[in-house]
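Welcome! Have the sequence and the 3D view open side by side, and take the topics below one at a time.

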Amino acid sequence: MERTVLLDGGLSNQLEAQGCDLSDVLWSARLLADGPGQIEAAHTAYVRAGAQVLITASYQATFEGFERRGIGRAQAAELFARSVRLARRAAGAVEREIWVAASVGPYGAMLADGSEYRGRYGLSVRELERFHRPRVEALAAAGPDVLALETVPDIDEAEALLRAVEGCGLPVWLSYSVAGDRTRAGQSLETAFALASGHDRVLAVGVNCCDPSDADRAVRVAAQVAGKPVVVYPNSGERWDAGGREWAGAPTFDPGRVRAWEDAGARLVGGCCRVGPGDHRGAGRAARRSDGR
């Protein structure tokens, strides 16, 4: 992977810009059932902004979460598949190649209480693997190009996810959420990124859903430790208040950082929460694009 592949930006903020209410505990995953057209429109906004990879609306989608809403396993599996189809349809609107990455969020996302920014849920690696494997299998069956194991807060969950994707037949990327020079659970980045080094199925390792300034060092460490291309897609720089369920602070996302990330080893670059199509276009202009643009 010699040149940079441009990921999309934050799906939730684009949905909110379209007038969607995401206050439900299922967050954007609710719209897989109640507003699939809105999800396709949000994907399309990023296609128009130049994205080469669309990440599905399955981050907060779980069999357990859907069950609490009265959605049985068969219907839930269909919603997982729908998340991939919606991204495929948006990608099909243009002639250039666009990958679809099926989002596999952390266990804490299902709890909807900010736990994904802490990790250490009190569950064993085996218990976390049992939680993740059914949704991994449902998403893999829908035929995405890659699985995005994203916003992972600690090493135990990373290990569980890597076990859960064994035999899925798809490449994956592993992306931690970090704070400073540690995972959200407080482990060293060196230890976290080293976990991926022996897994051939992992095509890239890196960070997402973090402050842009924290991404700077993380990209360098990931490249040095894992020996793989690096994936990086931070938040806008604003902070999520889980109690108030709102964002605070000022945005600090600067597309000018992209070249430094590339120089350090990043090959998949984009944005996460609160990084919209406008920011995304700036990142695309700064990147050394794989499509020559």
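**A strand covered on both faces**

Strand β9 (residues 230–233) has both of its faces covered: Val230 and Val232 are buried on one side, and Val231 and Tyr233 are buried on the other. In a regular strand, side chains alternate between the two faces of the sheet. Please keep in mind that this is a predicted model.

**The neighbours of β9**

- On one side, β9 runs parallel to strand β8 (residues 202–208), and four bridges join the two.
- Within that pairing, Gly206 stands opposite Val231 in β9.
- To get from β8 to β9, the chain passes through helix α10 (residues 212–226), and this β-α-β crossover is right-handed.
- β9 also pairs with strand β12 (residues 266–269), again in the parallel sense, over three bridges.
- Here Val232 stands opposite Val269 in β12.

**The whole sheet**

- Now step back: eight strands form an open sheet with parallel pairing, in the order β1-β12-β9-β8-β5-β4-β3-β2.
- Which strands stand at the edges of the sheet? They are β1 (5–6) and β2 (53–55); each has a single partner strand, so one side of each is left without a neighbour in the sheet.
- The partner that β2 runs parallel to is strand β3 (residues 99–104), and three bridges join them.
- In this pairing, Val53 stands opposite Trp99 in β3.

**Cysteines without a disulfide**

- How many disulfides does the structure hold? The count is zero.
- Cys209 is in no disulfide, and its nearest cysteine sulfur belongs to Cys273, 4.1 Å away. A disulfide would need the two sulfur atoms within 2.5 Å.
- Is Cys209 buried or exposed? Its relative accessibility is 2%, so Cys209 counts as buried.
- Cys210 is in no disulfide either; the nearest cysteine sulfur is that of Cys209, at 7.7 Å.
- Cys210 is buried too, with a relative accessible area of 2%.
- For background, a disulfide is a covalent bond between the sulfur atoms of two cysteines.

**Positive phi angles**

- You can find Cys209 in the loop between β8 and α10.
- Ala112 is another residue other than glycine with a positive phi, near 55 degrees.
- Look for Ala112 in the loop between α6 (107–111) and α7 (125–141).
- A glycine with a positive phi is Gly50, which follows α3 and has a value near 105 degrees.

**Checking the length of helix α3**

- Helix α3 (residues 36–48) has 13 residues, and at 1.5 Å a residue it should span 18 Å. Its end C-alpha atoms are 19 Å apart, which agrees with that expectation.
- Several residues of α3 are buried, among them Ile39, Ala42, His43 and Tyr46.

**Aromatic rings**

- The structure holds seven aromatic pairs.
- One of them joins Phe63 and Phe80: the ring centres are 5.0 Å apart and the planes are at 55 degrees, so this pair is tilted.
- Phe66 is buried, as is Phe80.
- Which residues make up one aromatic cluster here? Phe63, Phe66 and Phe80 form it.
- Finally, look for Arg73, which lies over the face of Phe63, at 4.1 Å from the ring centre.

Notes. Residues are numbered from 1 along each chain as its sequence is written. This is a predicted model: local features need pLDDT of at least 70, side-chain atom pairs count only at pLDDT 80 or more; totals for chains, interfaces and linings use all residues. Side-chain values use heavy atoms; hydrogens and water are left out. Buried means under 20% relative accessible area, exposed over 50%, partly exposed in between (1.4 Å probe, protein chains only). Two strands pair if DSSP finds at least two bridges between them. A crossover is right-handed if, with the strands pointing away from the viewer, the path from the first strand over the helix to the second runs clockwise. The expected span of a helix is 1.5 Å times one less than its number of residues. Rings of Phe, Tyr and Trp (its six-membered ring) pair if their centres lie within 6.5 Å; planes under 30 degrees apart count as stacked, over 60 as edge-to-face and the rest as tilted. A charge sits over a ring if NZ of Lys or CZ of Arg is within 6 Å of the ring centre and within 35 degrees of the ring normal.
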